[in-house]
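Welcome, and please open the structure in your viewer. We will go from one selection to the next and look at what is there.

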Amino acid sequence: LNLTAADDSTSIDVVCVLATIITMLSRQVATAGARVGAARGFSVLTAAEEFPGLPSTSPGEKKGSVASVTTLPSGLTVVTENASLTSTVSLTFPNAGSSSEGSSEAGAAIASRYLSFKSGSGLSSALIVRNIEDVGATPFSSAGRRGATVGFTAARENAAFIAPLLATECSFEKWDVKEAQQLAAAEAADATSNAQVSLSDQIYAAAFGAQSAMGRSYYTAGASRAAIVAFYERNYILNGAVLAATGIADHEAFLRMVEEEFPSSAPGAAVSEGGAAYMGGEARVAAPSTGYAHVALAFEGPTSAPLMNVMKHCLNNGSAMPFAAPGIIGVYGGSEPSGASSTVDALSNAVGSAPSADIVAQAKAAAKTEALTALDSGSQSLADAMTASVLDSCGFSAKALAESYDAITADEVAKAHAAMLKSKVSLAAVGDITDVPYQATIASRFG
């Protein structure tokens, strides 16, 4: 176009033409953009509007776990923490182990474990299991010489919903009891073929006496229905039990649920744990066909759990494997039959040498690390640690746990070690033990 500024009418026409062209181009661009947006699924909504509950892209500082402990009028102690990403809820009965069995109740503890999640409180076994499975929970149960535990691991939002199933009052249906007896017999049979289990049984028998409640084996079959019912009703009670729950955001709300849904009255008074005094002795099981000798030495241990754990790590010198449990501490090892005497010498040296300050410092660090690692090894491990802390000190916090190890001094360890050696040594031997010295010979080494 060849226009001049003087040609006003022509200028106006040109402007109109240009405006029309621009409008058409804008519409074409908008239409193409809409087509592309539709093809690619673009949204005019923000991410938060389109996906409700989307985690913040700028999260705040992570908060530490907060634990709360409350003892209810029923005698049940409830301990919760709020940081775990999944919830484990466990109910521990501290007097439901085999050490609480009466003289006619041998085998009742192991059978009672298999009555967990069985018919009770008007609910069938199938309905109880279905309720647990419907929310994707994983149930578990365990028992031993000292206590029994029943629990589950589930998503945080489902924990309170199925927690009351842990406290169902067993109705002892004949098929449930029969199945429990069969499962207990199968577990006991498997245990008899395990050398480590046999050695553990023998060291308890040597330390506390084979006929004592603590010295008898947990793996005993043949308990009658009457014995199982009597044992269960006496020891599986809320009074004195510990309910531990991880991943619980509101402790008070969880407490209200427990008070409303768990049995309102304790079915019996709390029973003191069936303990036995440490004696120190000898227990031997000869099995020459095994071609191996398993040996353990044990002494009476300190009552403090942190001090016991530090002592255990002090005995870990490479030539012996240490072990510790409430009331007992020691070392074990094994060898070919011809080397049994040398194995006993190594075990004796491991426990007989007083730990130096450097060894105590290393043992404290290892024991503290072990204890704190258990708090971060999954929700079930955390629940176990919470329960153990409540039973040991009536409270729980990670800070207090760490401080309990920091407070242990080398002098305390030295005194505990001296006290340990003053108790009578216990000897357990299993396998081809012809060359294993007798307890009296070993005891002379410790004065």
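Start with Phe446, which is buried at 17% relative accessibility. Keep in mind throughout that this is a predicted model.

A search of the whole structure finds eight aromatic pairs. Select Tyr218 and Tyr219 for one of them: the ring centres are 5.0 Å apart and the planes stand at 75 degrees, so this pair is edge-to-face. Tyr218 is buried, at 2% relative accessibility, whereas Tyr219 is partly exposed, with a relative accessible area of 29%.

Return to Phe299 and Phe446. Their ring centres lie 5.3 Å apart with the planes at 90 degrees, so this pair is edge-to-face. Phe299 belongs to strand E8 (residues 293–300) and Phe446 to the segment after helix H16 (439–443), so the pair ties together parts 147 residues apart in sequence.

Next, select Phe93, Phe172, Tyr232 and Tyr236, which form one aromatic cluster.

Which residue lies over the face of Tyr204? Show Arg145, and you will find it there, at 4.2 Å from the ring centre. Then move to Tyr438: the charged end of Arg284 sits over its ring, 4.1 Å from the centre.

The last stop is Lys312, in helix H10 (residues 305–314). Lys312 is buried, with a relative accessible area of 17%. Beyond its neighbours up to four places away in sequence, Lys312 touches Pro322, Phe323, Ala324, Ile329 and Glu370.

Notes. Residues numbered from 1 in each chain as written. Predicted model: local features only at pLDDT ≥ 70, side-chain atom pairs only at ≥ 80, totals over all residues. Heavy atoms only, no water. Helix = DSSP H or I, 4+ residues; strand = E, 2+ residues; numbered from the N terminus. Buried < 20%, exposed > 50% of the residue type's maximum accessible area, 1.4 Å probe, protein only. Contact = heavy atoms within 4.5 Å. Phe/Tyr/Trp six-rings, centres within 6.5 Å; stacked < 30°, edge-to-face > 60°. Lys NZ or Arg CZ within 6 Å of the ring centre and 35° of its normal.
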